[in-house]
Amino acid sequence: MPFGRPGQKFSVPENDEKVMASWEKFLGGDEFGSDALRRLVDDSWRRCLDNAVDPQRVQAPPPMREDRLHSLRDDCRELLEASQPVMASARELLAETGTVMVLTDGAGVILNLEGDPRLRDAAADIHLISGASWNELACGTNAIGTAIEVGQPIQIHSAEHYCSGIKRWSCSANVIRDPYDGAILGVIDVSGLSETFNRHSLALVVATAGRIENRLAQQEMDFRLRLLDHCMDRLSGSSSEGVIVFDRRGRAVKANGAATDALIDLQRQRGEVAGADLSRLRLNWRKQADLPDELPPWMRREWLEPVVTEGERLGIVLRLPTRRTAPSRTAGADTAAATEREADSGAFARIAGDAPSLRHAIGRARQLAKSRAPVLLLGETGVGKDVFAQCLHAASAGSEGAFVALNCGGFSRELLTSELFGYAEGAFTGARRGGMTGKIEAADGGTLFLDEIGEMPKDLQPHFLRVLESGEVYRIGETRPRKVNFRLIAATNRDLRGEVEAGRFRMDLFYRVAVTSIAIPPLRDRASDIPLLAARLIQELARRQGVAPRGLSARAIEVLKAYAWPGNVRELRNVIESRLLTAEGEELGEVDIPDEIWTVPDADIVPPPATASPGEPLRGLTGMENAERLALLRAMQAHKGNMTAVARDLGIAKSTVYAKLRRFGLEGVVGEARRFQI
């Protein structure tokens, strides 16, 4: 057990007396420090001296009035809610070790305490109580105030405190950061009298701060989900107006496709350079206000609509009028689709299909291509996220720049770091002469496409986030930043919200890359596109492989449309390429379709009237039907379960073979014939 019980003596720093002597010399004008003094403590003492902190102070300033403390706690309600169960779980441990756990706000004002009640009087003597301020300006060097100053975990023991009245205490503290932007929200501290000193207290506050930050992240996620759920109709509606959703802190978190066009129109009307970047939009308003006090020059107050549920403000919706109107999708739906295809004759011509879900994704991509806002492509493996990314780049203003793609799931952590950021010569063993340009630098002036971004290691994510926020990248082994300006397109087949909730993906990075998103439908949801898509693939693959293109029979198309395509367009491409290279004849027919692609429509299934072993006659069938069943069984055995060969041998269609297998109760024979090669 890392912590002892009351009365147990712990080891204390052996140089405590030397530190006290250094303090006395420091106050006497000797500012050159001592070997016994840690650099962090020395820096803090100098800040205290520069700010005229009284070294003879025996306690913190008096706590604030009760009404002000109540108001402060209300402002910090979410921090208190996140920390309360975490601090309560440490109550027994604190009592055993003779210590108290303290929660403060970001300025060092105490909000709450838990711990050993026997310390109550001693803590009250130095004003270690709710409402008292423990920043460095008020109390000199102490774990709470100094942790705020340096932004990292810290332990201050006994004589290391600057003010004389606090030198009989030992304390450890760590800051609590906003999970979105890293701002300091508060401090968690464990304090006790000097004889309770334990180095493990520092690990305790680090772990406690981490648990509180995780709970804050979950709170933020819950707010975002409620906000987006409330605004879903506005974002997905057919209105032509642009819609941007801001969270309760004024950050743009979601926008529809028309928002980009609307912002560009507004910029042009004001004579500004067009190039909307939704991720940089911010609104600021007071905590109790429904609308911001100040607005950007281009924004009108009547365009804003607060989102409030059950008396709680979740965010705000900005509606931007556009000069365009949405196309009618009623009687003129075919004409509208044709118009969209004509518009796609350039950058988006590579994407084949007329299904409404695909046309919607293409239309949204065409709108978002005009901005430089990050885009997150969502879809199953094989749906063509890489093709959408290339089309977005080709249709963008930065199409003359490079399109640089990187799969985050294809490298180890070390290799991915090198590929993404690059490295300087001599940065590590094996580094190439002259160093290497990373993918981020290579994409400068163009587009960076990160596929499988959900696979990016979590400890690498804050470094990439900094690049997005600052527009600067550091090569491994360099201290000089390099300016970069690129458009980010990311793709994933994962549920990134679920990954955030599970702690595997950072919330701040998620909201940075998912400013706008495009959902690409799976192939099974647009089976009507398969004839057009297959014909396109046949032409493309035949040209690449140097073979003659072939048509598809009507029956072959029916079989392809009936299949679920778990591998989506990539699987269809694989099937067509293999058939082009191996099939005979001028047309790909049903006999050329691989066995695993075949499915039997439910309408063709007739339940067998009775059961029997494969070689026995089936009761309820005529003599002719039993003879047919036996012939089918023998053909299946002879051809080792090869359905194409069985159909050819019996002179019937492959679909008929499947139907008869079901009717005669022989489905299990197929697997057996293939497994044991009967």
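Author: The model is a predicted one, and I begin with a single residue. Y511 has a relative accessible area of 3%, so Y511 is buried. The cut-off behind that word is 20%: a residue under 20% relative accessible area counts as buried. F510 has a relative accessibility of 5% and therefore counts as buried too. F510 and Y511 form an aromatic pair, with 5.0 Å from centre to centre and 70° between the planes, and the pair is edge-to-face. The structure holds four aromatic pairs.

Another of these pairs leads to the part you asked about. F26 and W45 form an aromatic pair with 5.7 Å from centre to centre. The angle between their planes is 50°, and the pair is classed as tilted. F26 belongs to helix α1 and W45 to helix α2, and the two residues are 19 residues apart, so the pair links distant parts of the chain. Both F26 and W45 are buried.

Now the two helices themselves. Two packed helices are described by the angle between their axes and the distance between the axes. Helix α1 covers residues 16-27 and helix α2 covers residues 39-50. Their axes come within 12 Å and cross at roughly 30°. Angles under 35 degrees count as roughly parallel, and α1 and α2 are therefore roughly parallel to each other. The crossing of α1 and α2 is right-handed. On the α1 side, the contact is made by V19, S22, W23 and F26. On the α2 side, W45, R46 and L49 take part. F26 and W45, the members of the tilted pair, are thus among the residues of this contact. Sorted by class, the contact of α1 with α2 has five nonpolar residues, one polar and one charged.

Helix α19, residues 530-545, packs with helix α21, residues 568-582, at an angle of about 55°. The axes of α19 and α21 are 10 Å apart. That angle makes α19 oblique to α21. The crossing of α19 and α21 is right-handed. From α19, the contact includes L533, A534, L537, I538 and L541, and among the residues of α21 in it are V569, L572, I576 and L580. Charged residues such as E540 and R544 of α19 and R573 and E577 of α21 also take part. By class, the contact of α19 with α21 has eleven nonpolar, one polar and four charged residues.

For a residue that is not buried, look at R215. R215 lies in helix α9, which covers residues 200-236. At 36% relative accessibility, R215 counts as partly exposed. Leaving aside neighbours within four places in sequence, R215 is in contact with E81, A82, P85 and V86. R215 and E78 are 137 residues apart in sequence, while their C-alpha atoms are 9.6 Å apart in space.

Last, the chain as a whole. The protein chain has 25 helices and 20 strands. Of its 678 residues, 49% are buried. Among contacts with a separation of 6 or more, 66% join residues 24 or more positions apart.

Conventions:
Residues are numbered from 1 along each chain as its sequence is written. This is a predicted model: local features need pLDDT of at least 70, side-chain atom pairs count only at pLDDT 80 or more; totals for chains, interfaces and linings use all residues. Side-chain values use heavy atoms; hydrogens and water are left out. Axes are lines fitted to C-alpha atoms, for helices over the stretch in contact, and angles run from 0 to 180 degrees between N-to-C directions. Helices (H or I, at least four residues) and strands (E, at least two) are DSSP runs, numbered from the N terminus. Angles under 35 degrees count as roughly parallel, over 145 as roughly antiparallel, 65 to 115 as roughly perpendicular and the rest as oblique. A crossing is left-handed if the near helix is turned anticlockwise from the far one by less than a right angle, and right-handed if clockwise. Contact means heavy atoms within 4.5 Å. Rings of Phe, Tyr and Trp (its six-membered ring) pair if their centres lie within 6.5 Å; planes under 30 degrees apart count as stacked, over 60 as edge-to-face and the rest as tilted. Buried means under 20% relative accessible area, exposed over 50%, partly exposed in between (1.4 Å probe, protein chains only).
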